[in-house]
Amino acid sequence: MCGIFAYIGPRDSAQVCIDGLKHLEYRGYDSAGLAGILEGKIHSCKEIGKIHSLESTWLQNPHPLKLAIAHTRWATHGKPSRENAHPHLDATHSVAVVHNGIIENHQALRHMLRELGVNFYSDTDSEVIAQLIQHSYEGDLLAAVQKALTYLKGFWAIAVIHKDHPDQIVAAARENPIAIAYSLERQEVFVSSDANALHAPDLDVLFLRNDEIALVMAHRVDIYGDNSLPVTRHAEKLLLENETASKNGFDHFMLKEIFEQPQAIQQAMHNRFIEDFGTAEFEAFPLAPSELQAIKRILILGCGTSWHAGCIAASLFEDIARIPTQAEIASEFRYKNPIISEETLVVAISQSGETLDTIAAVREVRAKGAKVLSICNVRNSTLVRESDACLFLRAGPEISVCSTKAFTSQLTVLALFGLLMARLRHMDKTTGQAFLAEFHDLPDKVAKVLRQQEQIQRLAKKYSQFEHFFFLGRHYMYAACLEGALKLKEISYLNAIGYPAGEMKHGPIALVNPLLATVALCGNARTYEKILSNLMEIKARNGPILALAPEGCQEITSIADDVLWLPPICDELAAIPYAAASQLFAYYIARERGTEIDQPRNLAKSVTVE
Ligand code: AGP
């Protein structure tokens with residue numbers, strides 16, 4: 001989603017910002033722009049579409065800017081267009097603003113400013129910020145931003161420049177991240193909404209907290225709190241993920257990331273086993289065994305794929321650790337009034353660590369005194385900073401909008417955490433060791449699924465003719481179905497519904513007909529017989545069935561039209577290889593249908609709005 005990059009220092013600021021925006025591309029966007037100051041004038045450039053369009057337009061008429069702000073926009077208020085792209089300038093072209101977030105009272109503010117004679121040039125909520133700042137300006141940019149923000153309702157990360165202050169960028173944040181990284185030696189400062197876009201070496205980094213404002217100059221950064229008083233903040237060293245985003249010869253990032261799973265799972269497990277005790281351990285883990293033993297309930301929060309991982313973990317925690325666990329969709333949960341006792345552990349799952357709904361839900365539970373353990377892939381993320389403890393996925397950068405390796409890494413880490421919790425309770429050592437043995441085989445089993453690439457591609461070709469799909473499963477396989485269906489809909493734009501197979505007869509079976517395909521995930525031994533009966537009911541109504549089933553379970557061949565055989569695996573970990581197969585199936589259907597796989601329509605990698 002939207003991304004901010006700004007720079008002040010000795011280099012060509014426009015080019016530094018364009019390069020910075022390229023590191024934000026993976027988040028998803030539909031237009032981009034930049035603005036900077038030269039000789040008392042704001043110069044700006046905006047383009048719809050990709051950053052290279054912005055770059056080539058800028059390079060037709062470049063200006064040696066000493067400071068610049070830049071933005072990638074993912075449309076919320078107003079369609080993708082040059083007018084709606086950021087930076088937004090005020091009517092006098094004195095102020096330029098880039099903004100992530102949403103201004104909830106922008107209509108009222110527009111109305112107020114129009115009454116004062118201010119003209120607007122875009123449909124965006126963000127433009128009111130530029131107009132308000134100029135309206136509040138009396139010679140001091142910082143003071144003008146401070147005053148303007150008092151009018152705003154909503155949330156934001158902003159970077160602001162003013163034509164009469166060619167040595168200043170003002171940045172501010174509420175519920176949206178802003179990282180400010182600097183080198184005093186080189187006299188340069190970078191501002192970004194995503195610390196992972198800061199690819200310069202040896203930088204010190206500061207993260208703005210809620211309602212803080214920073215005055216950024218090449219040689220210093222001053223931070224002010226919501227009471228306008230200066231805040232002392234110690235900088236951290238910026239730890240960058242050292243992997244670069246390359247497709248490594250694959251046609252798409254999604255395919256590359258699917259094939260990285262055996263290695264990613266290995267990484268997620270690395271040095272996290274204690275074989276002799278049949279348990280798991282986690283590096284630099286701040287929660288003591290006694291604290292973990294005191295936990296009586298677990299609440300899991302996440303969105304999309306991460307919520308699906310949470311649903312599977314909830315069953316697993318109850319099954320093996322006997323801890324009552326519920327998985328909640330963060331965007332729904334934040335509007336409930338939850339009961340959080342001292343004995344509740346909140347587990348927040350997010351690949352990016354920047355999903356606003358998840359972060360907001362975490363803030364809510366922390367305000368109620370809960371301890372939050374996050375499961376995250378991105379080290380410099382907001383969620384990690386706002387959690388009491390974090391278990392990292394170590395999956396490497398996930399670029400494709402469609403989450404794949406993060407999901408299976410999440411499941412691996414969550415299952416290991418479940419094992420630790422179980423061993424701290426009733427699980428005996430031998431059972432723990434047997435469970436660890438299942439983990440050892442996991443990367444090979446996933447690799448075995450991936451080796452069936454060609455067969456999956458053939459099945460995808462056949463099933464790509466359908467417009468409607470049910471993904472049916474039971475117990476652990478039900479959430480795996482939610483995930484399989486999500487993969488298919490997000491990249492192929494087909495109607496796919498994940499449903500518990502046993503619920504079909506309570507209504508949805510009315511939809512079954514020869515034009516609706518059922519993908520059945522039969523990887524749960526405990527409910528295997530049950531799903532066979534459910535599939536018989538589909539077959540009796542002439543519904544075509546593709547079953548994903550464990551090798552050796554021959555009964556399915558008399559029911560399903562097609563069967564993809566998967567390696568046998570315990571129920572608790574079965575979602576992992578079944579997810580890999582569903583991902584490849586969705587990928588090849590999308591290829592058949594010619595959709596944009598890594599950047600599907602309407603979607604963004606990091607969902608930083610409500
Ligand atoms: C999955 O393929 C998605 N694109 C999406 O559902 C994603 O999982 C969700 O937005 C949550 O993201 P997060 O894990 O980064 O918080």
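1. Starting in a loop: Pro-87 sits between strand 4 and strand 5 (88-89); strands here are DSSP runs of E with at least two residues, helices are runs of H or I with at least four, and both are numbered from the N terminus. The peptide bond leading from His-86 into Pro-87 is cis, omega being near 0°. Another backbone spot to look at is Ser-228, which has a positive phi of about 70° although it is not a glycine. Ser-228 belongs to the loop between strand 13 (220-224) and strand 14 (230-231).

2. A word on what you're looking at: this is a predicted model, where local features need pLDDT of at least 70 and side-chain atom pairs count only at pLDDT 80 or more, while totals for chains, interfaces and linings use all residues. Residues are numbered from 1 along each chain as its sequence is written, and side-chain values use heavy atoms, with hydrogens and water left out.

3. Now the open sheet of 8 strands: its order is 3-2-4-1-10-9-11-15, with antiparallel pairing (two strands pair if DSSP finds at least two bridges between them). Strand 3 (41-48) and strand 15 (236-237) are the edges; each has a single partner strand, so one side of each is left without a neighbour in the sheet. Inside the order, strand 9 (residues 179-183) pairs antiparallel with strand 10 (residues 188-192) over 5 bridges. Ala-179 faces Ser-192 of strand 10 there.

4. What packs on that sheet? Helix 1 (residues 13-24) does, touching strand 1 (3-8), strand 2 (31-38), strand 4 (67-73) and strand 10, and its direction makes about 155° with that of strand 1. Contact means heavy atoms within 4.5 Å, and the angles run from 0 to 180 degrees between N-to-C directions, with axes fitted as lines to C-alpha atoms (for helices, over the stretch in contact). Helix 2 (residues 51-60) also packs on the sheet, against strand 2, strand 3 and strand 4, at about 140° to strand 3.

5. Further along there is an open sheet of 5 strands, ordered 24-23-25-26-27 with parallel pairing. Its edges are strand 24 and strand 27 (562-566), each pairing on one side only. Neighbouring strands are turned by 20° against each other on average, direction ignored.

6. Two pairings from this sheet: strand 23 (residues 468-473) runs parallel to strand 24 (residues 495-500) over 6 bridges, and Gly-473 stands opposite Pro-500. Between them the chain passes through helix 16 (residues 476-492), a right-handed β-α-β crossover (right-handed if, with the strands pointing away from the viewer, the path from the first strand over the helix to the second runs clockwise). Strand 26 (residues 545-550) and strand 27 are parallel too, joined by 5 bridges, with Ala-549 opposite Trp-565.

7. Which helices cover it? Helix 15 (residues 453-463) lies across strand 23, strand 25 (516-521), strand 26 and strand 27, at about 150° to strand 27. Helix 16 touches strand 23, strand 24 and strand 25, and its direction makes about 175° with that of strand 24.

8. On helix-helix packing, the axes of helix 13 (residues 405-423) and helix 18 (residues 575-593) come within 10 Å and cross at roughly 175°. That makes the two roughly antiparallel (over 145 degrees; under 35 is roughly parallel, 65 to 115 roughly perpendicular, the rest oblique). Phe-407, Thr-408, Leu-411 and Thr-412 of helix 13 meet Ala-575, Ile-576, Ala-579 and Gln-583 of helix 18. By class that is 5 nonpolar, 3 polar and no charged residues (Ala, Val, Leu, Ile, Met, Phe, Trp, Tyr, Cys and Pro are nonpolar, Asp, Glu, Lys and Arg charged, the others, Gly among them, polar).

9. Last, the rings: the count comes to 15 aromatic pairs, with Phe, Tyr and Trp (its six-membered ring) pairing if centres lie within 6.5 Å; planes under 30 degrees apart are stacked, over 60 edge-to-face, the rest tilted. Phe-469 and Phe-585 have centres 6.4 Å apart and planes at 80°, so the pair is edge-to-face. Phe-469 is in strand 23 and Phe-585 in helix 18, so the pair ties together parts 116 residues apart in sequence.
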